[in-house]
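This briefing covers confidence, backbone geometry, helix packing and the ligand shell. The sequence and the structure come first, and the notes follow.

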Amino acid sequence: MKIETCLTPELISLHKLEGKIAVVTDVLRATSCMVAGLHAGIKSVIPVMTVQEALVYAEKGFVTAGERGGVKVEEFTIGNSPFEHMREEYHGKDICMTTTNGTVAITEARKSADQVVIGAMLNVSTVADYILKQGKDIAIICAGWKGNPSLEDTLFAGALIDRIIDKGEIIDDASFMALTQYRAANGNVDKVIQENASHAKRLSGLKAKSDLAYCATEDSCNVLPILKGDAIS
Ligand code: 3SL
């Protein structure tokens with residue numbers, strides 16, 4: 001099993017995803033919302049690129065979710081905090097979601113990957129177990145922030161690689177960097193993110209500080225969201 005890491009969606013054209021499983025992550029906060037929401041009881045999530053596309057789904061009765069600049073889109077039902085996605089009133093519901101980086105990464109990955117799996121710190125071991133069972137080559141696709149790599153997504157890549165490396169082979173420097181960074185965090189992923197990640201600082205300014213600790217928690221949700229057609233479930 002070969003392991004590679006794409007640090008931002010802008011670099012995706014440098015990776016050949018055909019025949020591979022793409023594990024897409026946006027720890028702060030899009031994929032954490034998906035994982036937390038599906039674990040809590042949401043039925044499915046349709047990721048789209050634009051607010052306009054999501055509003056078309058709203059007309060069909062979908063719950064709409066997401067942000068621009070970290071702030072809930074005014075016309076949407078909910079924003080991009082995992083705590084909103086876990087609310088009981090959305091259990092059993094289909095959600096349409098668009099975010100600045102996370103849904104972009106998913107849209108890019110699905111163009112050529114064999115399969116798209118949604119990963120977050122919240123479900124990293126569940127994703128690792130699945131990857132080990134499949135035994136296929138994988139590409140970890142980090143959402144980053146507007147074209148730049150992000151610390152929290154890189155740490156997720158490292159956390160996943162740490163769990164599968166015994167059965168796999170790293171084939172790029174980004175994967176080695178991610179693994180090294182994760183191991184250097186030495187069990188303090190939450191602290192490392194809160195003290196150093198630029199997006200953590202941004203979210204603290206938006207009064208989303210409680211999301212940070214939650215999204216940095218490893219393995220609180222044993223769900224394996226996979227994109228099937230247009231929907232993640
Ligand atoms: O960029 C994204 O996809 C979002 O997760 C960003 S935010 O955390 O909601 O600001």
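Helices (H or I, at least four residues) and strands (E, at least two) are DSSP runs, numbered from the N terminus. Residues are numbered from 1 along each chain as its sequence is written. The model is predicted: local features need pLDDT of at least 70, side-chain atom pairs count only at pLDDT 80 or more, and totals for chains, interfaces and linings use all residues.

**Confidence**

- The protein has a mean pLDDT of 97, and 100% of its residues reach 70 or more; pLDDT is the predictor's confidence in each residue, from 0 to 100.
- For the complex, the predictor gives a pTM of 0.98 and an ipTM of 0.96.

**Backbone geometry**

- Most peptide bonds are trans, and most residues other than glycine have a negative phi.
- Leu28 and Arg29 are joined by a cis peptide bond, with omega about 0 degrees.
- Arg29 lies in the loop between strand 2 (21-25) and helix 1 (30-40).
- Lys207 has a positive phi, near 60 degrees, and is not a glycine.
- The loop that holds Lys207 runs between helix 9 (198-205) and helix 10 (209-215).

**Helix 6 with helix 7**

- Helix 6 (residues 151-164) and helix 7 (residues 173-185) have axes 7 Å apart and pack at an angle of about 90 degrees; axes are lines fitted to C-alpha atoms, for helices over the stretch in contact, and angles run from 0 to 180 degrees between N-to-C directions.
- Helix 6 and helix 7 are therefore roughly perpendicular; angles under 35 degrees count as roughly parallel, over 145 as roughly antiparallel, 65 to 115 as roughly perpendicular and the rest as oblique.
- The contact of helix 6 with helix 7 has 8 nonpolar, 4 polar and 2 charged residues; Ala, Val, Leu, Ile, Met, Phe, Trp, Tyr, Cys and Pro count as nonpolar, Asp, Glu, Lys and Arg as charged, and the others, Gly among them, as polar.

**Helix 6 with helix 8**

- The axes of helix 6 and helix 8 (residues 189-196) cross at roughly 160 degrees and come within 10 Å.
- This angle makes helix 6 roughly antiparallel to helix 8.
- Leu151, Glu152 and Leu155 of helix 6 meet Val189, Val192, Ile193 and Asn196 of helix 8.
- By class, the contact of helix 6 with helix 8 has 5 nonpolar, 1 polar and 1 charged.

**Helix 5 with helix 6**

- Helix 5 (residues 124-134) and helix 6 have axes that come within 9 Å and cross at roughly 45 degrees.
- Helix 5 and helix 6 are therefore oblique to each other.
- Among the residues making the contact are Val124, Ile131 and Leu132 of helix 5, and Phe156, Leu160 and Arg163 of helix 6.
- The contact of helix 5 with helix 6 divides into 9 nonpolar, 1 polar and 1 charged residues.

**Ligand shell**

- There are 13 residues around the ligand, of which Gly70, Asn80, Thr99, Asn101 and Gly102 come nearest; a residue is near a molecule or strand if its C-beta atom, placed from the backbone, lies within 6 Å of it.
- The shell around the ligand divides into 4 nonpolar, 6 polar and 3 charged residues.

Methods:
Contact = placed C-beta atoms within 7 Å.
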